[in-house]
Amino acid sequence: MRDIKCSFANEIQMNNIIKIEEQIHYKFTKEFVEFILTNSGGFPLYNCIDIEEDAENVNNFLDFSQEGPNYIVNIYDQNKGMQIHDCIPFAKDAGGNYYCFDRNDNSILFLDHEECDEENGPFCVRDTFEEFLESLYEE
């Protein structure tokens, strides 16, 4: 797996992840767990990704610590679109849109917070978290 460095990242303990998995009823992939243990809430240095021929950004990964301003559980609970479309957020862009795991197959989805409703859901941007990390490049 590609080693992506993040600024302002926090290290967390495995018990943080287990607690969150229990709260949201989702088991994160092994690759994601390895990554987020040292990058909770971090801002990736490689922060661009191509989506449908457009360069989008990845502003930061969500916090896995309750003290963080972007605590994953709070974001999930506050966003009905994520619950409707069965996706779990893990990062966001500068515009407040989210990168999420699809609960059904762990693919990576992009959820536009202004467009997402019962009829318009998120769309797949990568098949795996590893592919997502491999796709990131420096602005």
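What do the buried residues of α2 pack against? The legends below get there, starting with the whole chain. This is a predicted model, in which local features need pLDDT of at least 70 and side-chain atom pairs count only at pLDDT 80 or more, while totals for chains, interfaces and linings use all residues. Residues are numbered from 1 along each chain as its sequence is written, and side-chain values use heavy atoms, with hydrogens and water left out.

**View 1. The whole chain, end to end.** There are five helices and nine strands here; helices (H or I, at least four residues) and strands (E, at least two) are DSSP runs, numbered from the N terminus. Read from the N terminus, the elements go β-α-α-β-β-β-β-α-α-β-β-β-β-α. The C-alpha trace spans about 35 × 35 × 25 Å along its principal axes. The radius of gyration, taken over C-alpha atoms, is 14 Å, which agrees with the value near 14 Å for a compact globule of 139 residues; that globule rule is 2.2 Å times the number of residues to the power 0.38.

View 2. The accessible surface is about 7,400 Å², and carbon and sulfur atoms own 41% of that (Shrake-Rupley method, 1.4 Å probe).

**View 3. Helix α2 and its neighbours.** Helix α2 covers residues 30-39, and its buried residues are Phe32, Val33, Phe35, Ile36 and Asn39. Buried means under 20% relative accessible area, exposed over 50%, and partly exposed in between (1.4 Å probe, protein chains only). Back to the opening question: the buried residues of α2 pack against β1 (6-7), α1 (14-24), β5, β6, β7 and α5 (129-135), where contact means heavy atoms within 4.5 Å. After α2 comes Gly41, with a positive phi near 75°.

**View 4. The five-stranded sheet.** The strands line up as β5-β6-β7-β8-β9 in an open sheet with antiparallel pairing; two strands pair if DSSP finds at least two bridges between them. At the edges are β5 (60-61) and β9 (123-126), each with a single partner strand, so one side of each has no neighbour in the sheet.

View 5. Strand β6 (residues 87-92) pairs with β7 (residues 98-102) in the antiparallel sense over five bridges, and Cys100 is the bridge partner of Pro89. Five residues separate β6 and β7 in their hairpin, and Gly96 in the turn has a positive phi of about 90°. β7 and β8 pair over four bridges, again antiparallel. Their hairpin also has five residues between the strands, with Asn106 in the turn at a positive phi of about 65°.

View 6. Leu111 belongs to strand β8 (residues 108-111) and stands opposite Tyr98. Leu111 counts as buried because its relative accessibility is 0%. Gly68 is 43 residues away from Leu111 along the chain, and their C-alpha atoms are separated by 21 Å.
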